[in-house]
Amino acid sequence: MVAAKSPGPNRLDVALGLRIRQRRKALSVSQTALANAIGLTFQQIQKYERGFNRVSFSRLVDIAHALD
């Protein structure tokens, strides 16, 4: 029997997104500015921060560099 997938984003994806958002806000960087720095749209940054989309390791490295 296969367990049903729980609705909504994974809690770890949400936790990572929250940490990205906290760092971005601490540096007073907008979602648009972060998105431009790593070649994405601000909508994609929103999805990462809410945990709706998973952040790949390579993208996480890009975000880390953009946010020091």
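Gln31 is buried, with a relative accessible area of 15% (buried means under 20%, exposed over 50%, partly exposed in between; 1.4 Å probe, protein chains only). The model is predicted: local features need pLDDT of at least 70 and side-chain atom pairs count only at pLDDT 80 or more, while totals for chains, interfaces and linings use all residues. Residues are numbered from 1 along each chain as its sequence is written, and side-chain values use heavy atoms, with hydrogens and water left out.

**Gln31**
- Gln31 lies in helix α2, residues 31–38 (helices are DSSP runs of H or I, at least four residues, numbered from the N terminus).
- Leaving aside residues up to four places away in sequence, Gln31 touches Arg21, Arg24, Phe42, Ile45, Gln46 and Glu49 (contact means heavy atoms within 4.5 Å).

**Helix pair**
- The axes of α2 and α3 come within 8 Å and cross at roughly 105 degrees (axes are lines fitted to C-alpha atoms over the stretch in contact, with angles from 0 to 180 degrees between N-to-C directions).
- That makes α2 roughly perpendicular to α3 (65 to 115 degrees).
- Gln31, Thr32, Leu34, Ala35 and Ile38 of α2 meet Phe42, Ile45, Gln46 and Glu49 of α3.

**Nonpolar core**
- The largest nonpolar core has 10 residues: Ile20, Leu34, Ala35, Ile38, Leu40, Ile45, Tyr48, Val55, Ile63 and Leu67 (a set of buried Ala, Val, Leu, Ile, Met, Phe, Trp, Tyr and Cys residues joined through side-chain atoms within 4.5 Å).
- Helix α2 gives the largest share of this core, three residues.

How values were computed: Helix = DSSP H or I, 4+ residues; strand = E, 2+ residues; numbered from the N terminus. Parallel < 35°, antiparallel > 145°, perpendicular 65-115°, else oblique.
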